[in-house]
Amino acid sequence: MNKYHQVITELERQMKEGQYRPGDKLPSVRSASEIYGCSVSTILKAYGELERTHTIYSIPQSGYYMVDKTTDSEAAGSEGTVDFASASPDFNVFPYLDFQHCLNKAIDQYKYHLFTYGDALGLESLRRTLVSHLAEYQVFAKAESILITSGIQQALEILARMPFPSGRTEILVEQPGYDIYLRYLEAEGLPVSGIGRSAAGINLQELEEQFASGRFKFFYTMPRYHNPLGTTYSTEERKAIAGLAAKYDVYIAEDDYMADLGIGRRYDPIYAYDQTSHVIYLKSFSKIIFPGLRLGAVVVPQPLLETFRSYKGYTDTSLLSQAALEVYIKNGMYGHHRHKIKAMYAKRIRAVYEALGRHNTDGLIEASADSSGIYIQFKLPVTVNLERLVKRLAGRKIRVVPGNGFYLPGYQTREKFLRISISRAGLTQIDEGILAIVQEVKRGSGW
């Protein structure tokens, strides 16, 4: 047996024995060549063969991953674990074969242009394609205002660092809010304050008072399918926020990363009500395709455009990934996949509410109503010890995320809750998982 076949045989054995599980990343090509004592070309050939047999798949600039062989796309989770914690897309619905086709087509279409430095603003043809794509979300923008970033996190970091025309430096964020961004602002020591948001919405009078203080350069918000609440601002709230932004010259950083996943009533973004170019619109592709793609689109108002460009400064996103995304959108694959994943996640959200109806008969858990996307907030009695609850659930193989990480350190008015994500929770697991949560909450509250 030659070395090439030995590598394949050994990898298949390790997968069968559980050393690599669905979604696990395989060693890099260089690392694998050292592990198996062979050349890089041998590993590439072996990985290529495993990819052709759909045993593994690749993500550009990220690596090779084991494919989940589960035939039932609703049977997420492994070894009996009910995963209500993960926010990443379900491995079972990664469109790796479709996207592989788009990668190949992109290479054929653009050839050597993909291996140059390219435009720091992003691939021009992708930006033109995004003009019509974003219009589907009621975001009407010119290609010159659309910039491609290495994920939305990069765009948020640029906005936090760059100066604004008003000369103000402080950032206003929702509480609870996006934990990763809160930790970034905290680590960088940037001036930031919080404003309360609940499942019922936001206090617009308090928001106006904050805007009128003259301290804030922008307000960061997730109007649709909020993380961690799962709820959406009403039309009146979104219109009012746009109006306050214009009145007090405060920009809105609108993170619409969940726009693809809502089911039912159509919600327009704040951007659709912006009459004075005060809304910065941010769109991610990670929740609909896969996180490793690391591509985001930002619609930047004209007064901020040159400063944003200068802070972005260099080409830092894969031209190949951008070209493949362009093909994926133009061929209709994006829309097809979006429809598929929305329908699947909607079933899981309904299953959570139905399970609560069956098991939460004492009303100890208060769930955010009308949640969509992937998140639901479970508010808990004040007598429950959150840390102990999470540990007890982990002992029953139920993974959840406590709500305390979604607040700024000094923010006082907090709700005690769990953030429930249905992204990786299999449809057949949800009932048992919700039953376990209800039982442990009841136990922890002294019932």
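Strands E6 (residues 192–198) and E7 (residues 201–202) form a hairpin with two residues between them, where strands are DSSP runs of E of at least two residues and helices are runs of H or I of at least four, both numbered from the N terminus. The model is a predicted one, in which local features require pLDDT of at least 70 and side-chain atom pairs count only at pLDDT 80 or more, whereas totals for chains, interfaces and linings use all residues. Residues are numbered from 1 along each chain as its sequence is written, and side-chain values use heavy atoms, with hydrogens and water left out.

Strand E6 also pairs with strand E5 (residues 170–175), here in the parallel sense and over five bridges, with Ser193 of E6 as the bridge partner of Leu172. Together with helix H7, strands E5 and E6 make a right-handed β-α-β unit, the hand being right if, with the strands pointing away from the viewer, the path from the first strand over the helix to the second runs clockwise.

A search of the whole structure finds 14 aromatic pairs, defined by ring centres of Phe, Tyr or Trp (its six-membered ring) within 6.5 Å, with planes under 30 degrees apart counted as stacked, over 60 as edge-to-face and the rest as tilted. Among them, the rings of Tyr181 and Tyr220 have centres 5.0 Å apart and planes at 70°, so this pair is edge-to-face. Because Tyr181 belongs to helix H7 (residues 179–188) and Tyr220 to strand E8 (residues 216–221), the pair ties together parts that are 39 residues apart in sequence. Both Tyr181 and Tyr220 are buried, that is, under 20% relative accessible area with a 1.4 Å probe and protein chains only, against over 50% for exposed and values in between for partly exposed. Elsewhere, Phe99, Phe285, Tyr328 and Tyr334 form one aromatic cluster.

A further open sheet comprises four strands in the order E12-E13-E16-E15 with antiparallel pairing, and its edge strands, E12 (366–367) and E15 (401–402), each pair on one side only. Strands E12 and E13 (residues 375–379) are linked by two bridges, and Glu366 stands opposite Lys379 of E13.

Key. Two strands pair if DSSP finds at least two bridges between them.
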